Amino acid sequence: MKKLSYDQFKKYIVIVLSILTGFIHIGQFTFMPMESIKFYSWHLVLGLILVFLYKPFSKKNPKKFLVIDWICIILTAVSGFYVIANYDTYVVIMQTGRLTTGLYVFGVIITILTIEATRRCLGWILPIIAMATMVYALFGSNLPGILGHRGYDFQRVVSTVFSDQGVLGTAIGVSASNVFLFLLFAAFLSVSGADKIFQDISIALTGKRRGGPAKMAVVASCLFGSISGSAVANVVSTGAFTIPLMKRQGYQHRFAGAVEAVASTGGQIMPPIMGAAAFVLADVSGTPYSTVCLAALLPALMYYLTLFKMVDLESVKYGLQGVPEDELPDLKESVSRGFKLFIPLAVLLFLLLVIQTTPMLAAIYSMIAIVICGFLDKRDRLTIKDIINGFVEGSKSLPSVVSACACAGIVTGMFALTGLGLKFSDFIVSMGGTNIILSLVLSMVVCIILGMGLPTTASYIICATAIAPALIQIGVPGLAAHMFLLYFACISAITPPVAVASYAAAGIAEENPMRVGFTAVKLGIAGFVLPFVFTINTDYLHMGFDLLTLFTWVSAFVVCYAAACAIQGYVEQKITIFERIGYIVVICTAIQSSYVISLIGWALFAVLYGSRLLQHKKKLRAGVA
């Protein structure tokens, strides 16, 4: 009998844990419900164990510290299962805040393991923030003035962390209830061939047009990002194909990387799945997820339309053409192969937006639709091995989400315990006063700084705890305030100096990361402007079959085209500085809620854009252009 190697042993452990994780999460909302805290404990335990399996203590010498990895795995399992086995006792004790010796010890262990797991997955930034807030809770009573508080002992800090205010709080609850099932749904789509099919459809639609490869990157990343919800994962998957293709067609390396980074980042704000932070937003703001999706649709389309037009004008600027027709995939063939994927997506949208069932059940039924359609596909039939791979791929996405949510739970728990979140809000209100623009700018700066190097979910959770109350206090509607913070939590992925999506794209593009980052900021300018637009004019978050929606959508189209022209300085040919200023005036007028002012912006856009198109057509007829 052949001896089993360690890697094979670990592979089988991962497969078993992946299937068990999927079984528990699907069962929670169908045939095997359990108490919330018990379910969250399962989610936290399985997520942390997967962290220690996937992420070794040392990347340079992974096998040298195997003992440490397995000690962490065993401690995680014992601590988590202690809570699950003693659930009733845990709930009673947590209500009093005075821990038994067993819970005290395991609370300390879980706190240390959460910080270590986050370090392995996300680096040092979030763990340092979490440890700083705990130190503040312990010693903040010694600080003078507004920063001081009454002081808390170590046991009180541990009891808060190891409770439904900390690692088992809202963040991990949303991760367990919503996020993982949609990660699993995206993984099942991926093993069904979604990546390749979306790429083929995108390049078949846009490839032969001017700037085709870059436009294909925008469309492919939009399609894939709307189901993956991860900027870096999107860059790595679609960028591996689109960035080299853009470079071959003549795009500068920095531009190719930036296009992919910006397009991939937008996946976190594009319905129907968006990213993990969107589920947290729905829970924290008390808004149904279907409402969040509908509100996010127009701003997300504006984000991509602006990027698409900027890519188009870049190709005009440098005379870049599309991909030769003989290199393009057949559109009908690609759509035919993708039919088995469109049905599950249609099921998802129907359940979320029409039936308005819970996101959890929508994800589960959509996964069932994937399996059924996959089994019925004669050309590329789904196998049992593919289903197992789907569970494994889903579990690969879990460690970073669980560690981010659990560690962010520590931060929000300390904010709640010490009142630090309210102090942040009071600071913004006192600095901004009644000036809503100044308050929004301050919020943007804080959000971008907090988001540097953090995953979107963790960044949003911290910002929602510290900043959202201030925005709501000065009169910003609740959903608009949370959407504002979500956008800047997302856009930090392309904002130097720590721009994870831009850096991932720079690696593929073989370009300086900072050059890619700053180009990405230029291309992703819509992501910085849109939050102010829909916060000041909430019509952009309105969705319905009425005149207001139609008017808002037309204004959105005008704003996107005007922004692209103003930034790129081209409309079929180079435009003057006065025309660029004119387009800025168009943006400022078209976004207004007043019909009259918006119509003035429309008219000015028609004059500026139409005159340049007429000039270009005349030159073409004369053979000049």
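1. In which loop is Gln356 found? Gln356 sits in the loop between α15 and α16 (359–376), where helices (H or I, at least four residues) are DSSP runs numbered from the N terminus. The model is predicted, with local features needing pLDDT of at least 70, side-chain atom pairs counting only at pLDDT 80 or more, and totals for chains, interfaces and linings using all residues. Residues are numbered from 1 along each chain as its sequence is written, and side-chain values use heavy atoms, with hydrogens and water left out.

2. Most residues other than glycine have a negative phi, and most peptide bonds are trans. Gln356, although not a glycine, has a positive phi of about 55°, and this residue is exposed, with a relative accessible area of 54% (buried means under 20% relative accessible area, exposed over 50%, and partly exposed in between, with a 1.4 Å probe and protein chains only). Glu510, in the loop between α23 (500–509) and α24 (513–523), has a positive phi near 55°, and Glu510 is exposed at 62% relative accessible area.

3. A cis peptide bond, with omega about 15°, joins Pro271 and Pro272. Of these residues, Pro272 is found in the loop between α12 (253–265) and α13 (276–285).

4. Another proline to look at is Pro329, which lies in the loop between α14 (289–318) and α15 (331–354) and is partly exposed, with a relative accessible area of 24%. The C-alpha atoms of Pro329 and Asp200 are separated by 6.0 Å, although these residues are 129 residues apart along the chain. Leaving aside neighbours within four places in sequence, Pro329 is in contact (heavy atoms within 4.5 Å) with Asp200, Ile203, Ala204 and Ser334.

5. Thr160, in helix α7 (residues 154–161), is buried, with a relative accessible area of 3%. Apart from neighbours within four places in sequence, the contacts of Thr160 are Gln165, Gly166, Gly413, Met414 and Leu417.

6. The whole structure holds 25 aromatic pairs, where rings of Phe, Tyr and Trp (its six-membered ring) pair if their centres lie within 6.5 Å, and planes under 30 degrees apart count as stacked, over 60 as edge-to-face and the rest as tilted. One of them is the edge-to-face pair of Tyr561 and Tyr609, with 5.8 Å centre to centre and 70° between the planes. Because Tyr561 lies in helix α26 and Tyr609 in helix α28 (residues 595–622), the pair ties together parts that are 48 residues apart in sequence. Both Tyr561 and Tyr609 are buried, and ring pairs link Phe557, Tyr561, Tyr583, Phe605 and Tyr609 into a cluster.

7. Finally, there are three cavities of 30 Å³ or more. On a 1 Å grid over the protein atoms alone, a cavity is a set of points where a 1.4 Å probe fits but cannot get out, and lining residues have an atom within 4 Å of a point; grid points are joined across faces, edges and corners, and a volume is the space filled by probe spheres set on the points. The largest cavity holds about 50 Å³, and α2 (36–54) and α3 (66–85) each supply at least two residues of its lining. The second largest cavity has a volume of about 40 Å³, and helix α26 (residues 547–568) gives the largest share of its lining, four residues.

Technical notes:
On a 1 Å grid over the protein atoms alone, a cavity is a set of points where a 1.4 Å probe fits but cannot get out, and a pocket is an open set with protein on both sides within 12 Å along at least five of seven lines; lining residues have an atom within 4 Å of a point.
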